[in-house]
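Please walk through this structure with me, one kind of contact at a time. The sequence and the model come first, and the explanation follows them.

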Amino acid sequence: MAHASSPPSVQPGDPSWWFAEAMQSEAGRPDAPKLTETMTVDVAIIGGGFTGLWTALALKERAPHLSIALIEAGRCGSGASGKNGGKVSGYWGSLAGMEANIGANGALAVARAGARAQDAIRAFATAPGRDVWWRDGPTIRVSASPAQDAKIKGYVETAKRLGVADIVHELTPEQVASYCRSPVFRGGVYLAEGATVHPARLARELMRAAMAAGVSVFEHSPMLSLDAGSPNRVRTPSGEMLAREVVMATNVELAQHQEVKAHVSVFSSFALMTDPAPEKLAEMGWTNDEGLADLRMFVHYFRRTVDGRILMGSGSGPISYGGDTRNPALTTDKASAARAEKGLRRLLPAFADVGIAKIWGGGIDVSSDRLPFFKTVPGARIHYGCGYSGHGVNPTYIGGQCLASLVLGAKDEWATLPLCTRDLPRLPAEPFRSVGGRLVRWGIIGCEEAEEQGRRAGAAMRGAAAIPKLFGLRIGTR
């Protein structure tokens, strides 16, 4: 067992705890084959994570006659989909930011789409024969410092102003403690919509469902090039696909594409999984399945598992220059990994002496207004979706529906969401984007750590943290 004082290091190429466990649970099952031929299909999907797989299933449900092939560079679910925290909720907790960016009606439309997504994911995850650790439970945001207290009122007031006061409830410190006791928890916010899931097992079940529906799935088949045309041509190391329609669902890799790079920065997030300690959870009174997070901007997100572990994540990892997804710091930054562990020990001190089983990191495709977007390349039959900004399990279902509508040319409730139709803000050009972003990140991390320690951050840190607001940016604003 790893001791609390010596957590495991983060290594490049290491799978998440989730993905390693999922592979162990399906030991003996063969991988999907590689693409080793030239095949012609109606729709080619690039990327075997949540977005690509939900898109494949949506297309097969709506247009069963379509021939669909999906390629994945590694194994389905081995990327961002299998690395996240496995907390499932929509956008009711994001109303204030969405209202500022897309207006009240747009914010409500997206939040209601998230509610539909929640129901659909639950139905899939709880179908007979699928063991993906789905547990329904509310989403709770907790204040962990006096400076975070003020954010609570914002949730409640926004919901009231938009006519959905019933979806958000303020929690007293005593009410927070009834869900999970910690000496640093103060008040909080209760959102009824929520669940937790084993994300890698969910991805693998989506892959099997897609194959059962008639989708041709190929693993270990990275895309080498995409030539737009009639048909489009997708090349892999040992085969190629000719397709009328192409869906690009490759998460952070899309940050390099011409249509996307002005609107997405590549950040990173680090998470850890503890050893099992169900008796410690019982000590804290954390015996149900709430998904929790503090009210930092660089949030700590945490949840328990069915076998008595805690996942703790910190969305404070490095920012990559120019959207470079090969930057090793995105997956190996020791300081970011240490912040995840520090968050665990501070927020949940009952776990202070519990060992860490695994720490991992991964890139996050943070959009310029922190909402995902789904578009079609002008003049081509190539569609893409990204920008989940660290909030992916629920919205990827929305993404699958939106992308399916774009492929089919449907003008339905999905294709008319602001996620498909809004004009995207542009981020500053390099080097200002990443250099400035790193400065802002330094300032915000410093300010938030100072606030937790009951002191005022230095003027330089406060000035750096204020840069986005001064320049009217929609990303990085506290």
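The model is predicted, and local features need pLDDT of at least 70, side-chain atom pairs count only at pLDDT 80 or more, while totals for chains, interfaces and linings use all residues. Residues are numbered from 1 along each chain as its sequence is written, and side-chain values use heavy atoms, with hydrogens and water left out.

Aromatic rings are the starting point. Rings of Phe, Tyr and Trp (for Trp, its six-membered ring) pair if their centres lie within 6.5 Å; planes under 30 degrees apart count as stacked, over 60 as edge-to-face and the rest as tilted. The whole structure holds 11 aromatic pairs found by this search. In one of them, the ring centres of Tyr179 and Tyr190 are 6.0 Å apart and the planes stand at 35°, so this pair is tilted. Tyr179 belongs to helix H5 (residues 173–179) and Tyr190 to strand E7 (residues 188–191), so that the pair links distant parts of the chain, 11 residues apart. Helices (H or I, at least four residues) and strands (E, at least two) are DSSP runs, numbered from the N terminus. For accessibility, buried means under 20% relative accessible area, exposed over 50%, and partly exposed in between (1.4 Å probe, protein chains only). Tyr179, at 22% relative accessibility, therefore counts as partly exposed, and Tyr190, at 21%, counts as partly exposed.

A further pair is formed by Tyr397 and Trp414, which is edge-to-face, with 6.3 Å from centre to centre and 75° between the planes. Tyr397 lies in helix H10 (residues 393–408) and Trp414 in the loop between H10 and helix H11 (418–421), so the pair ties together parts that are 17 residues apart in sequence. Both Tyr397 and Trp414 are buried. These two rings belong to a cluster in which ring pairs link Trp54, Phe124, Tyr397 and Trp414.

The charged end of Arg116 is placed over the ring of Trp414, 4.8 Å from its centre. Arg130 lies over the face of Phe124, at 3.7 Å from the ring centre.

Next come contacts between opposite charges. A salt bridge is a side-chain nitrogen of Lys or Arg within 4 Å of a carboxyl oxygen of Asp or Glu, and a search of the whole structure finds 28 of them. Arg122 forms one with Asp136, where the closest N and O atoms are 3.0 Å apart. This pair links distant parts of the chain, since Arg122 is in helix H3 (residues 95–125) and Asp136 in strand E4 (residues 135–136), 14 residues apart. Arg122 counts as partly exposed at 24% relative accessibility, and Asp136 counts as partly exposed at 40%.

Another salt bridge joins Arg233 to Glu240, with the closest N and O atoms 2.6 Å apart. Arg233 is partly exposed, with a relative accessible area of 28%, whereas Glu240 counts as buried at 15% relative accessibility. Glu245 and Arg381 form a salt bridge too, their closest N and O atoms being 3.1 Å apart. Here Glu245 is in strand E12 (residues 239–248) and Arg381 in the loop between strand E18 (373–376) and strand E19 (382–386), 136 residues apart. Glu245 counts as buried at 5% relative accessibility, while Arg381 is partly exposed at 36%. Elsewhere, Glu26, Arg204, Glu205, Arg208 and Glu219 are linked in a network of salt bridges.

Two single positions close the account. Ala32 lies in the loop between helix H1 (17–25) and strand E1 (38–46), and at 8% relative accessibility Ala32 counts as buried. Its C-alpha atom is separated by 30 Å from that of Gly323, 291 residues apart along the chain. Pro431 is placed in the loop between H11 and helix H12 (432–452), and counts as partly exposed at 38% relative accessibility. Pro431 and Tyr321 are 110 residues apart in sequence and 7.6 Å apart in space, C-alpha to C-alpha.

Methods: A charge sits over a ring if NZ of Lys or CZ of Arg is within 6 Å of the ring centre and within 35 degrees of the ring normal.
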